[in-house]
Amino acid sequence: MASFLDVCRFTAVSSGTGSFVVSAAVTGYQTPASANAVNGATYRYRAESTDLSQWEVGYGVYTTGTVTLTRATILFNSLGGSSAINFSAAPQVAVVLLAEDLVFINPPQGRICLQTLEPVPAVTR
């Protein structure tokens with residue numbers, strides 16, 4: 001099951017292809033620690049450069065002791081591949097919800113259920 005954090009976005013300590021060590025929260029957001037991230041949990045993330053020319057989306061595992069989100073699987077990136085982007089400057093990293101985290105989608109009725117296969121009752125208008 002996917003793990004989620006509310007309004008979590010931070011600046012990493014350094015550039016390159018390594019793990020994302022938390023430097024500080026982006027203004028208006030929280031760090032994984034302040035969002036109550038769980039040690040060893042897997043989170044979906046989007047890392048991006050300030051000019052958005054470099055980015056990647058993937059799964060990372062959070063470690064509380066080192067405040068680090070370690071890249072585990074990169075799904076896609078700004079180069080059209082699935083390898084770690086070599087960020088030229090420290091990126092911003094956000095914990096995100098991906099389309100694959102939505103288990104049941106029924107667009108004709110305009111209903112979406114997260115993490116359940118039980119239908120949502122239709123709204124009468």
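The model is predicted, so local features need pLDDT of at least 70 and side-chain atom pairs count only at pLDDT 80 or more, while totals for chains, interfaces and linings use all residues. Residues are numbered from 1 along each chain as its sequence is written, and side-chain values use heavy atoms, with hydrogens and water left out.

## The fold

Let's start with the overall layout. The protein chain has zero helices and eight strands. Helices (H or I, at least four residues) and strands (E, at least two) are DSSP runs, numbered from the N terminus. Six strands close into an antiparallel barrel, in the order S1-S2-S5-S4-S3-S6. Two strands count as paired if DSSP finds at least two bridges between them.

How much of the chain is buried? Buried residues make up 35% of the 125 residues. Buried means under 20% relative accessible area, exposed means over 50%, and partly exposed is in between (1.4 Å probe, protein chains only). As for contacts (heavy atoms within 4.5 Å), 50% of those between residues at least 6 apart in sequence join residues at least 24 apart.

## The core

In soluble globular proteins, nonpolar side chains tend to be buried together. A nonpolar core is a set of buried Ala, Val, Leu, Ile, Met, Phe, Trp, Tyr and Cys residues joined through side-chain atoms within 4.5 Å. The largest one here has 19 residues, and Leu-5, Phe-20, Tyr-43, Tyr-45, Leu-69 and Val-93 touch the most other members. Strand S1 (9–12), S2, strand S3 (42–48), S5 and strand S6 (92–95) each give two or more residues to this core. S3 gives the most, with three residues.

Take Leu-69 as an example. Leaving out residues up to four places away in sequence, Leu-69 touches Phe-10, Ser-19, Phe-20, Tyr-45, Gly-60, Val-61, Tyr-62 and Val-93.

## Rings and charges

Rings of Phe, Tyr and Trp (its six-membered ring) pair if their centres lie within 6.5 Å; planes under 30 degrees apart count as stacked, over 60 as edge-to-face and the rest as tilted. By this rule there are three aromatic pairs. Two of them are set out here:

| Pair | Centre to centre | Angle between planes | Type |
|---|---|---|---|
| Phe-20 and Tyr-45 | 5.4 Å | 70 degrees | edge-to-face |
| Trp-55 and Phe-76 | 6.2 Å | 75 degrees | edge-to-face |

Phe-20 lies in strand S2 and Tyr-45 in strand S3, so their pair ties together parts 25 residues apart in sequence. Both Phe-20 and Tyr-45 are buried. Ring pairs also link Phe-20, Tyr-45 and Phe-87 into a cluster. Trp-55, at 21% relative accessibility, is partly exposed, and so is Phe-76 at 40%.

A charge sits over a ring if NZ of Lys or CZ of Arg is within 6 Å of the ring centre and within 35 degrees of the ring normal. The charged end of Arg-44 sits over the ring of Tyr-59, 4.4 Å from its centre.

## Two loop residues

Which residue in the loop between S2 and S3 is worth a look? Asn-36 is found there. Asn-36 has a positive phi of about 65 degrees although it is not a glycine, and with a relative accessible area of 63% it is exposed. Val-67 lies in the loop between S4 and S5. Val-67 has a positive phi of about 40 degrees, although it is not a glycine either.
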